[in-house]
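Dear colleague,

I am handing over the structure below, and I would ask you to look through it before you read my notes, which follow directly after it.

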Amino acid sequence: MRKRILISFAVFIAGLCSIIYELLVSTTATYFLGDGVRQFSIIIGVYLFSMGIGAFLSKFFREMPLKFFVHIEFLLGLIGGISVPLLFYSFVSVDALTLQIICLAIIFLIGLLTGMEVPLLTFVSDESDFKNNLSNVLSLDYIGGLLATLLFPFLLLPFVGLYYSSLIFGIFNILLGLALNHVFLEKSKKTLFLGLLSITVLLVLVIFGGQLLKAWDHAIYKNPIVLNEQTPYQKIVVTKKQEDLRLYLNRVIQFSSADEYRYHEPLVHVPISLHAQPKTVLILGGGENLASREVLKHELVAAIDVVDIDSTMFHLAKTDPNFVKVNDGAAKNKRVHLIAEDAFTFLHRIDKKYDIIIADLPDPTNEAIARLYSKQFFLLAKQKLNKNGLFVTQSGEIYFSNSVFSCINNTLTEVYKHVKPYHTYIPSFGDWGFIIASDIPVDEQDVKRALPDNLKFLTESQFQMAFEFPKDIQIAETKINTLDSPIILNYFLDDWNKWKTDLQSGTK
């Protein structure tokens with residue numbers, strides 16, 4: 001009975017760990033290489049293909065299935081355990097193509113070994129009086145897989161993190177092999193040595209994990225890290241060097257306090273100055289409350305709703321001294337209402353309407369964000385505007401990422417009667433674009449409200465110059481970004497790869 005229970009437990013753990021590894025590698029690849037749909041599709045495909053090869057090869061080991069299963073657990077635990085640390089190291093050491101190859105090689109090996117597990121345990125179950133119990137083996141394996149898909153998003157990713165999750169489950173795999181060796185293989189010394197050696201490697205990575213992650217973070221962010229937090233939605237990293245505070249979300253810089261005003265002043269004051277009576281303003285994104293800081297400079301605005309999916313950003317904006325200093329306490333202002341919700345869901349849910357809607361959202365680096373630049377999202381925003389209302393969105397770098405900028409412009413023209421792009425230069429980011437859209441004419445000469453006196457960058461002349469574009473910046477012909485076809489993600493990745501290549505080769 002004890003042996004039967006142990007084998008059943010082995011099947012369960014095998015299914016659990018293998019799916020965890022697949023999710024870990026897929027998520028890490030998405031973080032580092034972007035395009036989650038492409039990464040998950042390729043990795044799942046390679047994983048299933050290699051599982052098929054593993055299942056085929058398992059028949060050659062049916063004479064000693066348990067011994068080979070134990071060895072497979074050691075190898076699978078070691079490879080799965082070091083998968084994320086290896087990808088972390090590769091991210092700062094190799095180019096994108098090499099990193100992609102490493103991801104696929106890791107998942108191929110994991111799939112190959114995983115594919116051998118169930119057939120070998122089926123052979124073992126025959127030896128242990130599990131006659132005709134293939135259905136039992138498979139059901140336990142699938143139950144383990146289900147638990148993995150629940151543990152990963154709700155517990156492992158937000159509270160344990162990718163790095164330690166891979167090591168923990170690698171150790172589980174190896175402990176399973178050691179337990180089976182102890183019970184079934186008469187404590188084989190050679191097998192015991194292999195298991196102990198494998199688990200020692202993972203334990204060393206656990207013990208020195210803090211130091212390794214710190215070194216890895218500094219290799220990426222350069223400046224001293226003052227906050228490093230994984231939330232259920234994103235990785236938040238804040239660096240500070242002298243007075244320069246920088247926010248990174250999933251390793252992508254969101255602002256530098258040295259020049260963020262060059263971004264937020266045009267984003268906010270241009271649409272407000274072009275509106276006759278801007279009393280209600282909705283800010284989508286901008287959880288750090290730098291945009292709301294600028295809106296508060298207009299006394300006519302009575303209410304500001306800030307919608308950000310991650311409540312942690314609101315907590316930092318209200319309590320962290322660095323954030324409170326840079327946002328001038330805007331998050332605690334009585335006119336500002338903080339709403340922790342997905343922007344798309346919020347627009348779909350509410351009946352309230354606004355005079356101005358400001359989309360201060362991240363660049364479309366993945367599908368979840370790409371939908372916030374879709375035709376359907378812009379239609380939702382339009383429905384929530386009052387008559388004569390204005391919608392404005394940040395639109396990315398206009399030279400190196402012109403395809404994205406153009407795609408946003410062209411998608412907005414499918415929704416609004418009048419669309420007007422403008423731009424400003426931000427040293428930390430480049431020549432940055434914005435687009436105003438409305439069903440009423442937008443004329444930058446028809447300024448209805450004076451700019452606030454206490455601005456650092458924007459002046460009346462700079463206001464007018466923002467709508468002038470050089471000859472080499474044109475709106476390119478693009479497809480329309482929709483929920484069904486998030487083409488903007490492809491544009492972003494293509495532009496980013498070209499930009500990265502140019503920078504690496506020293507091209508200006």
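A search of the whole structure finds zero disulfides, a disulfide being a pair of cysteine sulfur atoms within 2.5 Å. The sulfur of cysteine 17 lies 20 Å from the closest cysteine sulfur, that of cysteine 103, which is too far for a bond. Cysteine 17 is also buried, with a relative accessible area of 0%, where buried means under 20% relative accessible area, computed with a 1.4 Å probe on protein chains only. Cysteine 407 likewise counts as buried, at 0% relative accessibility.

Please keep in mind that this is a predicted model, in which local features need pLDDT of at least 70 and side-chain atom pairs count only at pLDDT 80 or more, while totals for chains, interfaces and linings use all residues. Residues are numbered from 1 along each chain as its sequence is written, and side-chain values use heavy atoms, with hydrogens and water left out.

Turning to the sheet, four strands form an open, antiparallel arrangement in the order β1-β2-β3-β4; strands are DSSP runs of E with at least two residues, helices runs of H or I with at least four, numbered from the N terminus, and two strands pair if DSSP finds at least two bridges between them. Because β1 (225-230) and β4 (252-256) stand at the edges with a single partner strand each, one side of each is left without a neighbour in the sheet. Strand β3 (residues 244-249) is joined to β4 by four bridges, and arginine 246 has serine 256 in β4 as its bridge partner.

With kind regards

Key
Buried < 20%, exposed > 50% of the residue type's maximum accessible area, 1.4 Å probe, protein only.
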